[in-house]
Amino acid sequence: MAPPARPPINAQNTHTILLLQPNENRQSRTFYDFTTVKAAVSGLTEIFQEILRKLNPGKKELSYTMADIHRYVDSVPDLSMLVFDARTSQYQPLTKQMIKGLLQDLVNAGQR
């Protein structure tokens, strides 16, 4: 059986839960609740940008590449998303690889 495909970045009615453990401490586990996949991926980008701001407090402008955010995704001890699938009335788990694909989809959608 083929693994499930990642949902389209602009899919509607896709309640999404972002599960994040930002460091090795299991007590750091948290979740974020979003109404769409796109909002969840944007939220993850904002979390990454906030980390960059904290690491670079004196910089007025920050820049990063897709490779930088992919490294962040890979470095986080635990990161996943659960996306509601209305067809099955279940939440589909997304792996880090799928999340990285959605990050790229978000950038590509912004360039159209």
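What follows is a conversation about the helix packing, the core and a few individual residues of a predicted model.

Reader: Let's start with the inside of this thing; which residues have the most contacts inside the largest nonpolar core?

Author: In this predicted model, the largest nonpolar core has 24 residues, and those with the most contacts inside it are Val41, Leu44, Leu79 and Met81.

Reader: And which helices and strands supply at least two residues of this core?

Author: Strand 1 (16-21), helix 1 (37-55), helix 2 (66-75), strand 3 (78-85) and helix 3 each supply at least two residues, and helix 1 gives the most, with seven. In soluble globular proteins, nonpolar side chains tend to be buried together.

Reader: Take Val41, then; what is it in contact with, leaving aside neighbours within four places in sequence?

Author: With those neighbours left aside, Val41 is in contact with Ile9, Met81, Leu102, Leu103 and Leu106.

Reader: Some of those must belong to a helix, so how do helix 1 and helix 3 cross, and which residues meet?

Author: Their axes come within 10 Å and cross at roughly 95 degrees, which makes helix 1 roughly perpendicular to helix 3, given that angles of 65 to 115 degrees count that way. On the helix 1 side the residues are Val37, Lys38, Val41, Ser42, Leu44 and Thr45, and they meet Ile99, Leu102, Leu103 and Leu106 of helix 3. By type, the residues of this contact divide into seven nonpolar, two polar and one charged.

Reader: What about helix 1 and helix 2, at what angle do they pack?

Author: Helix 1 and helix 2 pack at an angle of about 95 degrees, with their axes 11 Å apart, and are therefore roughly perpendicular to each other. Here Leu44, Thr45, Ile47, Phe48 and Ile51 of helix 1 meet Asp68, Ile69, Tyr72 and Val73 of helix 2; the residues of this contact divide into seven nonpolar, one polar and one charged.

Reader: Changing topic to lysines: where is Lys100, and is it buried or exposed?

Author: Lys100 is found in helix 3 (residues 96-110), and Lys100 is buried, with a relative accessible area of 9%.

Reader: Then which side chains make polar contacts with the side chain of Lys100?

Author: The side chain of Lys100 makes a polar contact of 2.9 Å with the side chain of Asp74, and a polar contact of 2.9 Å also joins the side chains of Lys100 and Gln97. Setting aside residues up to four places away in sequence, Lys100 touches His70, Val73 and Asp74.

Reader: Last one, Tyr91: where is it, and why is it not called buried?

Author: Tyr91 is placed in strand 4 (residues 90-94), and Tyr91 counts as partly exposed because its relative accessibility is 37%, whereas buried means under 20%.

Reader: Which residues does Tyr91 touch, and which side chain does it have a polar contact with?

Author: Tyr91 touches His15, Ile17, Leu82, Val83 and Phe84, not counting residues up to four places away in sequence, and a polar contact of 2.7 Å joins the side chains of Tyr91 and His15. The C-alpha atoms of Tyr91 and Thr14 are separated by 9.2 Å, although these residues are 77 residues apart along the chain.

Methods: Residues numbered from 1 in each chain as written. Predicted model: local features only at pLDDT ≥ 70, side-chain atom pairs only at ≥ 80, totals over all residues. Heavy atoms only, no water. Helix = DSSP H or I, 4+ residues; strand = E, 2+ residues; numbered from the N terminus. Buried < 20%, exposed > 50% of the residue type's maximum accessible area, 1.4 Å probe, protein only. Polar contact = N/O pair within 3.5 Å; in protein donor to acceptor, adjacent residues only side chain to side chain. Contact = heavy atoms within 4.5 Å. Core = buried A, V, L, I, M, F, W, Y, C linked by side-chain atoms within 4.5 Å. Axes fitted to C-alpha atoms, helices over the stretch in contact; angles between N-to-C directions. Parallel < 35°, antiparallel > 145°, perpendicular 65-115°, else oblique. Nonpolar A, V, L, I, M, F, W, Y, C, P; charged D, E, K, R; others polar.
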